[in-house]
Amino acid sequence: MNCSDRRDLGLLLLRLGTGGVLAAHGAQKLLGWFGGGGIEGTGQAMEAMGYAPGRASATAAGLAEAGGGALLALGLATPAAGAAAAGAMVGAAAVHAPNGFFAQAGGYEYAASLGLTAVGLAVTGPGRLSLDHALGHTVNRNWMVPVAFAATAAATTVIVGARNKRVRKAAEGEQEPLFD
C-alpha cells in the first residue's frame with residue numbers, strides 16, 4: 001500500500017465516520033430514529049432554543065445533517081455536503097456556546113469537532129474511493145468549495161443571528177430587578 005492509497009483509505013474512513021454520525025443525527029430530527037424527537041419534537045425543542053419557526057428549523061437542520069452526512073459518507077458533492085453539515089454544526093454550537101467548550105458541561109466541543117471535520121473533508125476532497133471520483137468530479141469542482149461555503153456562511157449568519165437576537169430579547173424580559 002503506497003501513500004496515495006493510505007490517504008484515500010484515511011479519507012474514506014473519515015467520510016464514513018463523520019458522515020454516518022451526521023446522517024444518524026439528522027435522522028433523529030427528521031424521522032425520530034435512534035431516540036430522536038422527529039420533526040414535531042425537534043421543532044418544539046428548536047423553538048425553545050430560539051430557532052423559529054421550530055418545525056422549519058428542525059427540517060432545515062435535519063436535512064443539512066442527514067443529507068450532508070449521507071453525501072459526505074458517499075463522497076458525493078463533497079463541497080456542498082461539507083458546507084451544509086458545517087453550517088448545521090455552527091447552529092448547534094451557537095446553542096451550546098454559553099456552556100463553554102467541553103461537552104461534559106454542555107459545551108460546543110462535539111458540534112465543533114463534527115463541523116471542522118466536515119469543513120476539512122470539503123476542502124480536501126473525498127479521495128479516489130468516492131462517488132465524486134467515480135463520476136469524474138462533476139459535482140466536486142474546485143470553484144464549488146468557495147461558493148458552497150459562501151452560501152452556507154451567508155445563510156448561517158442570518159439564521160444564527162436571528163436566533164441570537166430572539167434569545168437576547170427573551171433574556172431581557174427575564175432580568176431580575178437591579179434594585180429592590
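User: Leaving aside neighbours within four places in sequence, which residues is threonine 156 in contact with?
Analyst: Threonine 156 is in contact with Gly87, Val90 and Gly161, once its neighbours within four places in sequence are set aside. Contact here means heavy atoms within 4.5 Å.

User: Before going on, what sort of model is this?
Analyst: This is a predicted model, in which local features need pLDDT of at least 70 and side-chain atom pairs count only at pLDDT 80 or more, while totals for chains, interfaces and linings use all residues. Residues are numbered from 1 along each chain as its sequence is written, and side-chain values use heavy atoms, with hydrogens and water left out.

User: Which helix holds threonine 156, and is the residue buried or exposed?
Analyst: Threonine 156 belongs to helix 7, which covers residues 144–173. Helices (H or I, at least four residues) and strands (E, at least two) are DSSP runs numbered from the N terminus. The relative accessible area of threonine 156 is 14%, so the residue counts as buried. The classes are buried under 20% relative accessible area, exposed over 50% and partly exposed in between (1.4 Å probe, protein chains only).

User: What about threonine 18: where is it, and what is it in contact with?
Analyst: Threonine 18 sits in helix 1. With a relative accessible area of 9%, threonine 18 is buried. Apart from its neighbours within four places in sequence, threonine 18 is in contact with Leu114, Thr117 and Leu121.

User: At what angle do helix 1 and helix 2 pack?
Analyst: Helix 1 and helix 2 pack at about 95°, and their axes are 5 Å apart. Helix 1 is therefore roughly perpendicular to helix 2. Axes are lines fitted to C-alpha atoms, for helices over the stretch in contact, and angles run from 0 to 180 degrees between N-to-C directions. Angles under 35 degrees count as roughly parallel, over 145 as roughly antiparallel, 65 to 115 as roughly perpendicular and the rest as oblique.

User: Which residues meet there?
Analyst: From helix 1 come Gln28, Lys29, Leu30 and Leu31, which meet Gly38, Ile39 and Thr42 of helix 2. By class, this contact has 3 nonpolar, 3 polar and 1 charged residues. Ala, Val, Leu, Ile, Met, Phe, Trp, Tyr, Cys and Pro count as nonpolar, Asp, Glu, Lys and Arg as charged, and the others, Gly among them, as polar.

User: And how do the axes of helix 2 and helix 3 cross?
Analyst: Those axes come within 7 Å and cross at roughly 110°, which means that helix 2 is roughly perpendicular to helix 3. Helix 2 contributes Ile39, Glu40, Thr42, Gly43, Met46 and Glu47, and helix 3 contributes Gly54, Arg55, Ser57, Ala58, Thr59 and Ala61. The residues in this contact divide into 4 nonpolar, 5 polar and 3 charged.

User: Where is the cis peptide bond?
Analyst: The cis peptide bond joins alanine 52 and proline 53, with omega about -5°. Proline 53 lies in the loop between helix 2 and helix 3.

User: What is phi of histidine 137?
Analyst: Phi of histidine 137 is near 60°, a positive value in a residue other than glycine. Histidine 137 is in the loop between helix 6 (131–134) and helix 7, and is partly exposed, with a relative accessible area of 24%.

User: Changing topic, what volume does the largest pocket have?
Analyst: The volume of the largest pocket is about 680 Å³. On a 1 Å grid over the protein atoms alone, a pocket is an open set of points where a 1.4 Å probe fits, with protein on both sides within 12 Å along at least five of seven lines; lining residues have an atom within 4 Å of a point. Grid points are joined across faces, edges and corners, and the volume is the space filled by probe spheres set on the points.

User: How many residues line the largest pocket, and which helix gives the most?
Analyst: The lining has 36 residues, of which Met46, Ala61, Ala88, Gly91 and Ala92 lie nearest the centre of the pocket. Helix 4 gives the most to this lining, with 8 residues. The residues of the lining divide into 23 nonpolar, 10 polar and 3 charged.
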